Amino acid sequence: MRSFAYHRPATVLEAVALLARGDGAKLLGGGTNLVDLMREDIERPAAVIDVTGLPLAKIVEGPGGELLVGATARNSALAGHRLVRERYPVLAQAIVAGASGQIRNMATVGGNIMQRTRCSYFYDAAARCNKRAPGSGCDAIGGFHRMHAILGASPSCIATHPSDMCVALAALDAVVHVASPRGARVVPLAEFHRLPGAHPEHETQLQPDELITAVELPALAAARRSSYRKVRDRASYAFALVSVAAALAVEDGVVTTIRLALGGVAPRPWRVAAAEALAVGAAASEATFERVAEATLAGAQGHPDNNFKIELARRLIVHTLAELARKEDVR
């Protein structure tokens, strides 16, 4: 591991001022991703800014029923929070499905959002990777790509975003609060991560001097009836082949609200509003959910090792929504 400067700011203003120096500093939360990347000599920051001392660990209910989650809140605290388990079960399920208890106890919400791909070619210094070394090529495209993207990829990169939590946040219309020396702004979580295009090294909408301060979950009644389903190669903690985060409200057999996001299939959590719109006002039936699945997966393109993901995603979408619709009927 290379030498680096270490900073531990006490305030958000101090943290963003350090980022604004422009020396390529990296933010350190739980370290469950950054430290690994530094050990592998993939990340080589001149400075590390430890944000765990910032007053950003609270989870607070707002006046309108929204939930504001501080960026340094631990994943385990978020998954176990009473209001999350009651109002947003899809989020609690996604976090628990994402990692072991030890990792959840260390990982922060902001760090989870900012984690980098687990593509094996990205981690292999001997492989060509446009995300790690722009312009070098992508060995995943002609290599072993079972875990790679079928949606939103480009000729420059077919890596997937690894987070389970972010898939649930995208489905819940969450927004990310960001601070910089210029002030504060918000970014919808579903738009926070960029598609690779010709520049897969640019992964998020964050500017170099910006810091995530919180994630806001809007009050969404349908989220009380929500679920996270994850298909992986082994039952213990592994990254998703395909995952589905869904929320559904049904009245008199008709869909009134639907939220749907996919994981394991794209460079960011995959959500298609036009596909959701097909279900609103339609019967809560498998035929309706089939149409939603087809629209969500429109344009999906696999490779020899991961073509199976297209059919797997279609079936998982239909199964998850049908299961939620049956729960509505029981109510």
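Me: How much space lies in the second largest pocket?

Reply: This is a predicted model, and the value is computed from it. The space in the second largest pocket comes to about 270 Å³.

Me: Which residues that line the second largest pocket are the closest to its centre?

Reply: The lining of this pocket has 22 residues. They divide into nine nonpolar, 10 polar and three charged. The closest to the centre are Arg118, Cys119, Met147, Thr160 and Phe239.

Me: How many cavities of 30 Å³ or more does the structure hold, and what volume has the largest cavity?

Reply: The structure holds two cavities of 30 Å³ or more. The volume of the largest cavity is about 80 Å³.

Me: Which residues are the closest to the centre of the largest cavity?

Reply: The largest cavity is lined by 16 residues. Nine of the lining residues are nonpolar, four are polar and three are charged. The closest to the centre are Cys119, Cys129, Cys138, Cys157 and Ala159.

Me: Why is one side of strand 1 and of strand 2 left without a neighbour in the sheet?

Reply: Three strands form an open sheet with parallel pairing, in the order 1-3-2. Strand 1 (5–7) and strand 2 (26–28) stand at its edges, so each has a single partner strand. From one strand to the next, the twist averages 25°. The reason asked for is the place of both strands at the edges, each with a single partner strand.

Me: Which residue of strand 3 stands opposite Ala5?

Reply: Strand 1 and strand 3 (residues 47–50) run parallel, joined by three bridges. In strand 3, the residue opposite Ala5 is Ala47.

Me: Is strand 10 mostly covered or mostly open, and how many of its residues are buried?

Reply: Strand 10 spans residues 242–251. A residue is buried here if its relative accessible area is under 20%. Strand 10 is mostly covered, and the buried count is nine of its 10 residues.

Me: Which residue in strand 10 is the bridge partner of Lys230?

Reply: Strand 9 (residues 226–231) and strand 10 run antiparallel, and six bridges join them. Lys230 has as its bridge partner in strand 10 Ser243.

Me: Which residue takes a positive phi in the hairpin of strand 10 and strand 11?

Reply: Strand 10 and strand 11 (residues 254–263) run antiparallel, with nine bridges between them. Ala249 stands opposite Thr257 in strand 11. The hairpin has two residues between the strands. The residue with a positive phi, near 55°, is Asp252.

Definitions and conventions:
Residues are numbered from 1 along each chain as its sequence is written. This is a predicted model: local features need pLDDT of at least 70, side-chain atom pairs count only at pLDDT 80 or more; totals for chains, interfaces and linings use all residues. Side-chain values use heavy atoms; hydrogens and water are left out. On a 1 Å grid over the protein atoms alone, a cavity is a set of points where a 1.4 Å probe fits but cannot get out, and a pocket is an open set with protein on both sides within 12 Å along at least five of seven lines; lining residues have an atom within 4 Å of a point. Grid points are joined across faces, edges and corners, and a volume is the space filled by probe spheres set on the points. Ala, Val, Leu, Ile, Met, Phe, Trp, Tyr, Cys and Pro count as nonpolar, Asp, Glu, Lys and Arg as charged, and the others, Gly among them, as polar. Two strands pair if DSSP finds at least two bridges between them. Helices (H or I, at least four residues) and strands (E, at least two) are DSSP runs, numbered from the N terminus. Axes are lines fitted to C-alpha atoms, for helices over the stretch in contact, and angles run from 0 to 180 degrees between N-to-C directions. Buried means under 20% relative accessible area, exposed over 50%, partly exposed in between (1.4 Å probe, protein chains only).
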